[in-house]
Amino acid sequence: MNLICKHCETSKVNRPRGLCWGCYYTPGVKDMYPSTSKYARRGVGNFSGNAPVAHLPTAHPPGTPEKMAVLEERAKNRQALWHPLDAQYPGDPRPLEVLQAQGELLAA
Ligand SMILES: [Zn+2]
């Protein structure tokens, strides 16, 4: 695996996000590239305080890659990571009801 840095396209990747050491630690550069790991909690930034709750809950149960992607998206949008109606277990009907009401439920 010899990946080339996404930013300078000359150095070998040895930092997260497909960046080389120099680019990764150049201020501002790393922010231009999204985290390559869906599981990374750092990267999109940890923030605390009062963030707005996401528009819609997710029907993906905790611990799934899909749920992690949702959390990452919310963090990027500076939204609260947890929606009160997020699925708590597979098949949790609460988010499904909201999504159906919004007409946003795709065939599951
Ligand atoms: Zn580079």
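Q: How many helices and strands does the chain have?
A: The chain has three helices and zero strands, where helices (H or I, at least four residues) and strands (E, at least two) are DSSP runs numbered from the N terminus. Read along the sequence, the pattern is α-α-α.

Q: And what should I know about the model before reading it?
A: This is a predicted model, in which local features need pLDDT of at least 70 and side-chain atom pairs count only at pLDDT 80 or more, while totals for chains, interfaces and linings use all residues. Residues are numbered from 1 along each chain as its sequence is written.

Q: What is the mean pLDDT of the chain?
A: The mean is 84, and 81% of the residues reach 70 or more; pLDDT is the predictor's confidence in each residue, from 0 to 100. Where pLDDT is low, the predicted coordinates should not be read in detail.

Q: Does the length of helix 2 make sense, or how would I work out what its 12 residues should span?
A: The expected span of a helix is 1.5 Å times one less than its number of residues, so the 12 residues of helix 2 (residues 65–76) should span 16 Å, and this agrees with its end C-alpha atoms, which are 16 Å apart.

Q: Which residues are buried in helix 2?
A: Val 70, Leu 71, Glu 72 and Arg 74 are buried there. A residue is buried if 20 or more other C-beta atoms lie within 10 Å of its own, exposed if 12 or fewer, and partly exposed in between, with the C-beta atoms placed from the backbone. Of the 108 residues of the chain, 15% count as buried.

Q: Switching to Leu 19, where is it found?
A: Leu 19 is in the segment before helix 1 (21–24), and it counts as buried because it has 24 C-beta neighbours inside 10 Å.

Q: What is Leu 19 in contact with?
A: Leaving aside neighbours within four places in sequence, the contacts of Leu 19 include Cys 5, His 7, Val 13, Tyr 24 and Tyr 33; two residues are in contact if their C-beta atoms, placed from the backbone, lie within 7 Å. Leu 3 is 16 residues from Leu 19 along the chain, and their C-alpha atoms are separated by 9.0 Å.

Q: What about Glu 9, is it buried or exposed?
A: Glu 9 counts as exposed because it has 9 C-beta neighbours inside 10 Å, and it lies in the segment before helix 1. It also has a positive phi of about 55° although it is not a glycine. Most residues other than glycine have a negative phi.

Q: Which residue with a positive phi follows helix 2?
A: That is Arg 78, with a phi near 60°, found in the loop between helix 2 and helix 3. Arg 78 counts as exposed because it has 11 C-beta neighbours inside 10 Å.
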